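Open the structure in your viewer and keep the selection tool at hand. Here is a short tour, stop by stop.

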Amino acid sequence: MQVSPARYSRSIDWLTVLLYVGLVGIGWICIYASSYSPDVPDNALTSLSFDKLMAFNWFKQLLWIATAFVLIVVLLVVDYKAYDTLAYALYGGMILLLVVTMFVARPIAGSRSWLELGPVRLQPAEFAKFTTALAASRFMSSINLRYQDWRDQLVLAGITLLPPLLIVASNESGQALVFGALLLAYFREGMSPLILLLMAAAGTILLLALLVPKVWLFGTFTLVLIAVLGLNRRVLRHHLPLAVGVWLAVIGMVVGVDFFYNKVLQPHQRQRIEVLINPSADPLGKGWNVTQSKIAIGSGGMLGKGFLQGTQTKFDFVPEQSTDFIFCTVGEEFGWLGSLAVLGLYLTLLWRIIYVAERQKSVFGRTYGYCVASILFFHVTVNVGMTIGLAPVVGIPLPFFSYGGSSLWSFTILLFSLLAIDAYRKQDLVR
């Protein structure tokens with residue numbers, strides 16, 4: 001049974017579309033502000049040729065936005081079953097593209113993650129999030145899947161970990177971290193919460209190993225082990241090997257932090273961690289980005305300095321302000337209230353995506369919806385967190401806001417493929 005165009009149009013979640021348009025529009029305004037130069041009068045822009053306009057990020061972003069709306073039409077027209085049917089094929093194609101990128105991409109800032117197609121540069125890592133979410137959703141919707149079976153868990157782990165491993169091999173660690181957010185979607189579908197708790201505990205221990213002297217950690221964990229064994233005789237009688245094994249694992253992690261930090265991490269990655277721990281230690285060097293970002297946001301006050309009136313923005317004090325640090329523009333020019341409004345839009349969008357995911361009639365659609373929500377949540381949380389000094393600077397964009405065609409296209413594909421699946425959610429029931 002085919003769905004008529006009018007009925008299909010009514011089935012599209014237009015509130016989500018409106019939120020998308022709002023975020024993209026406000027994002028473009030902030031990109032314009034971040035690349036604005038008082039030396040170039042506004043009336044002079046109208047006389048510039050196309051080639052000269054291409055020197056401005058705000059103009060190139062306009063072109064990306066225009067192509068994104070064309071992409072939206074394509075995504076909504078494609079048969080919704082194609083996303084399920086072609087999930088593995090798209091995933092395999094993306095794996096191949098990531099491998100090719102490692103060898104043919106020209107190094108940019110030490111990373112081989114950008115493909116140059118004439119005047120256009122695309123980052124396959126951005127689109128790998130979409131194909132991985134599709135493949136994971138397809139696998140989790142399998143009829144014979146057993147969430148507690150270790151073999152199924154290994155397959156799911158392989159699907160999730162292969163793309164970020166290839167991305168790390170291209171020296172693009174920031175994008176690789178995003179794939180960890182998919183665990184939130186897997187948890188919704190029945191994954192044991194113990195995995196999330198173990199990862200949270202491991203992250204806490206690693207952070208403590210960087211902040212606290214090792215001797216204090218050794219003593220604390222040893223005292224905890226003794227206290228557990230002394231207060232709970234059942235643990236002493238039946239779980240002594242397990243308790244000692246956990247203690248040894250924790251001590252091993254604490255000891256291994258130094259090796260990982262000094263031998264595995266690259267210098268720029270160590271600098272990001274040092275800036276997160278103590279950004280004021282070198283405010284004119286390693287901490288410059290975060291320091292200037294916090295100054296820009298703080299100087300906006302409650303209402304902001306006004307559109308195009310931000311001094312930190314206007315005079316380029318914050319590097320990469322139109323990309324990774326675009327949220328600084330919001331804070332400086334629109335203030336605390338403007339920042340709260342933008343975060344409110346993101347929160348509303350995330351709520352709406354979860355609502356859309358929960359009303360799906362298939363496991364594939366629901367899982368994919370939660371994958372989209374998890375990826376967007378990670379991007380927003382980490383990007384905003386790093387601009388205010390609460391997260392390391394890992395170089396991931398703010399969805400629909402940051403300048404760049406790859407990020408805009410990838411988030412558009414993630415969101416509107418979900419809306420296409422959602423628009424047909426009732427069709428199988430009427431067949």
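This is a predicted model: local features need pLDDT of at least 70, side-chain atom pairs count only at pLDDT 80 or more; totals for chains, interfaces and linings use all residues.

**Stop 1: helix H2.** Select residues 14–34. This helix has 21 residues. From first C-alpha to last it reaches 30 Å, close to the 30 Å expected at 1.5 Å a residue. Now colour its buried residues, among them Thr16, Val17, Leu19, Tyr20, Leu23 and Val24. Further along H2, Gly27 is buried, and so is the run Cys30, Ile31, Tyr32, Ala33 and Ser34.

**Stop 2: alanine 87.** Move to helix H7, residues 87–104, where alanine 87 lies. Is alanine 87 buried or exposed? Its relative accessible area is 0%, so alanine 87 is buried. Show its contacts beyond four places in sequence: Ala82, Leu134, Ala135 and Arg138. Then draw a distance from the C-alpha of alanine 87 to that of alanine 133. The two residues are 46 apart along the chain, yet these atoms are separated by 8.7 Å.

**Stop 3: serine 339.** Select helix H19, residues 327–358, and find serine 339 in it. Serine 339 has a relative accessible area of 9%, under the 20% cut-off, so it counts as buried. Leaving aside neighbours within four places in sequence, serine 339 is in contact with Phe327, Val330 and Gly331.

Stop 4: At 41% relative accessibility, leucine 337 is partly exposed.

Terms used. Residues are numbered from 1 along each chain as its sequence is written. Side-chain values use heavy atoms; hydrogens and water are left out. Helices (H or I, at least four residues) and strands (E, at least two) are DSSP runs, numbered from the N terminus. The expected span of a helix is 1.5 Å times one less than its number of residues. Buried means under 20% relative accessible area, exposed over 50%, partly exposed in between (1.4 Å probe, protein chains only). Contact means heavy atoms within 4.5 Å.
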